[in-house]
Amino acid sequence: MNEMIVHNPPISIVDLVLLKQKGATVTVNNSFEINEVDLVHEESPFRAFLFFSLFSGAIDSEPYEFRKCYSRGCLHNLCPHVSQAVMVANRYLKRDYKALEKAGITLEENLFVLEDMLARFEKNRDNFVATLILEDYIHIAKDGEKIDIEVSLENFPAVENFANYSEKRMFFSANFHVNYLGETHTCHRCFSCFAMGREGLEVQTARELANRRLVSVYTEFDKAGIQYNRILFE
């Protein structure tokens, strides 16, 4: 897991950065997908929204395309509220933009906008606070504060609803239960997914990508002195 694998065509932001560092000509564009998914929690079905960025472009004139999920939102307490999910998605997206910019890769820095959803929940605006993401807690720990994190992993199936069809997918997701100042706050991260019915190589690649992203998070925990349980997707 410590060896750095570079995929070409790329399947992640890290791949784009590493290919650029190896001397490839990299172009990047991105667009957004906000898809409704049907989930089940404790035998009770519910609907959530997944916030994806679709990255596309070319590596040395060879086209590529991949998606990355940035947050999950719903209308109850099983995940962040949709209005908070927009903010969480944009904060993680800005981090990726900075990584691409640092590598010398330029693109238009678009952000998620959900004006209709935000307007719909405007009356409850005072009930929502800016949601802290993992990187906030990492910075707090680097400043000397004590933070413990309990990590739990889950593979959850979901029906993703596209414009003209639905597709069953399996998601590799992690829950980071952050203990700080006597309170526990849970940060949800989806690290990869694959289409059910096309297991085989696709699930292996999705699991590898999820673990690679998870190890990157653990590395930051180690640097910050955060106590946590180190587990990986199997």
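How many residues lie between β5 and β6 in their hairpin? There are 2. This is a predicted model, in which local features need pLDDT of at least 70, side-chain atom pairs count only at pLDDT 80 or more, and totals for chains, interfaces and linings use all residues. Residues are numbered from 1 along each chain as its sequence is written, and side-chain values use heavy atoms, with hydrogens and water left out.

Start with the whole chain. The protein chain holds 5 helices and 7 strands. Both are DSSP runs, numbered from the N terminus: helices are H or I with at least four residues, strands are E with at least two. Along the sequence the pattern reads α-β-β-β-α-α-α-β-β-β-α-β. Of the 234 residues, 46% are buried. Buried means under 20% relative accessible area, exposed means over 50%, and partly exposed lies in between, for a 1.4 Å probe and protein chains only. Now take contacts, meaning heavy atoms within 4.5 Å. Among those between residues at least 6 apart in sequence, 55% join residues at least 24 apart.

Next, walk in from the start of the chain. The peptide bond from N8 to P9 is cis, with omega near 10°. P9 sits in the segment before α1. In α1, the buried residues are I13, D15, L16, V17, L18 and L19. Just after this helix, G23 has a positive phi of about 100°.

Move on to strand β2, residues 44-59, where S53 is found. S53 counts as buried because its relative accessibility is 0%. Its side chain makes a polar contact with the side chain of N30, at 3.3 Å. A polar contact is a pair of N or O atoms within 3.5 Å; within protein, one must be able to donate a hydrogen and the other to accept it, and residues adjacent in sequence count only if both atoms are side-chain atoms. Beyond four places in sequence, the residues in contact with S53 include F32, F66, Y70, L93 and F112. The loop between β2 and β3 holds S61. S61 has a positive phi near 75°, and with a relative accessible area of 68% it is exposed.

Strand β5 covers residues 166-180 and strand β6 residues 183-195; they pair in the antiparallel sense over 12 bridges. Two strands pair if DSSP finds at least two bridges between them. N179 stands opposite T184 in β6. In the turn, L181 has a positive phi of about 55°. L181 is exposed, at 65% relative accessibility.

Finally, look for the pockets. On a 1 Å grid over the protein atoms alone, a pocket is an open set of points where a 1.4 Å probe fits, with protein on both sides within 12 Å along at least five of seven lines; lining residues have an atom within 4 Å of a point. The largest pocket is lined by 33 residues, with V14, R95, D96, A99 and S216 nearest its centre. Helix α5 gives the largest share of this lining, 8 residues. The second largest pocket has 25 lining residues, and I11, F66, R67, R169 and C193 lie nearest its centre. Here too the largest share, 6 residues, comes from α5.
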